[in-house]
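The sequence and structure are shown first.

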Amino acid sequence: FILGETCSALLLFISIMTMFMSGVVAIFEYDLKKIIALSTLSQLGMMMFSISLGLYELAFFHLLTHALFKALLFLCAGILIHGAGNTQDIRSFGGLSLNFPLVTVCMNLANLSLCGVPFLAGFYSKDLIVELACQYSWGIFVLLTMFICLSLTVLYSVRLTYLSFVGPYGGGTSISVCESGYSLVGPVVILSFTSLVSGPILSWLNFPAPVLIFLPVFLKWGALFFVGVSLLVMLSLQGLTYSYKWGAVSKFSGFMWFLPWLTGQGFSMKTLKNA
């Protein structure tokens, strides 16, 4: 490795804990922009995780695919915020699939690509990183944490889709006139097309020779298994998103595990108060 074993091990630990923390926080978040920002942080952790294993080309490949479907996700979120009365709270959405059918399809396509559903853009990079990571002897803890982080991505993506498009009406105002503007819908449709075809195209451009990976059956199907189980778990627990039984955990996660206070806000508060 270019970084050396010590730096690689440190980067591995930081990246995998970043993926875990951002995934857990996103599950208890209600701000649409914060959820997408936390998913970006999670995917950056995935790229650093790939770099820590020495898979630099795969990290760049995931950067390219992630840029396409995450741009689509941000544009769809902007249209929803604009059409829902400039609110970002997903609890005030609900049933937006009736008013925003095109945006619903495109945003769910971006979410599925983010989760690594087969044959979408995110699958070609994430699945390759996961399968190559299974060949390294970092121990069962690293592999299990990696699969849990993949599950967290599915959990907050399904939760976002349910509260925004499928769940009951949250009481906010919504207008569908924004879907009639080509300046808004045009880029969304183009990026949706790239989210479908960019995975294999970029894979062929970056890796001219086909990649063949031999793994045990339980590791080969591990990523898809965790994705499927996470989908079923969140669909069965969708009612808990409205309850207050997770108050302490939700508060702890909402403050990003108190990292903002420990790294900057606490120090600024003390110094500005004394000044």
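## Helical spans and packing

Residues 59–81 are 100% helix and 0% strand, with 31 Å between the end C-alpha atoms; helices are DSSP runs (H or I, at least four residues) and strands are runs of E of at least two, numbered from the N terminus. The model is predicted: local features need pLDDT of at least 70, side-chain atom pairs count only at pLDDT 80 or more, and totals for chains, interfaces and linings use all residues. Residues are numbered from 1 along each chain as its sequence is written, and side-chain values use heavy atoms, without hydrogens and water.

The unreviewed UniProt entry places the feature "transmembrane region" at several spans, including residues 59–81 and 211–235; such annotations may be inferred rather than shown by experiment.

| Span | Helix and strand | Distance between end C-alpha atoms |
|---|---|---|
| Residues 59–81 | 100% helix, 0% strand | 31 Å |
| Residues 211–235 | 72% helix, 0% strand | 34 Å |

Ala 110 is in helix α4. Ala 110 counts as buried because its relative accessibility is 0% (buried means under 20% relative accessible area, 1.4 Å probe, protein chains only). Beyond its neighbours within four places in sequence, Ala 110 is in contact with Phe 69, Leu 72 and Leu 73 (contact means heavy atoms within 4.5 Å).

Helix α4 (residues 101–115) packs with helix α5 (residues 121–133) at an angle of about 15°, their axes being 7 Å apart. The two helices are therefore roughly parallel, a term for angles under 35 degrees. In α4, Ser 113, Leu 114 and Cys 115 meet Ala 121, Gly 122, Phe 123 and Lys 126 of α5.

Technical notes: Axes fitted to C-alpha atoms, helices over the stretch in contact; angles between N-to-C directions. Parallel < 35°, antiparallel > 145°, perpendicular 65-115°, else oblique. Buried < 20%, exposed > 50% of the residue type's maximum accessible area, 1.4 Å probe, protein only.
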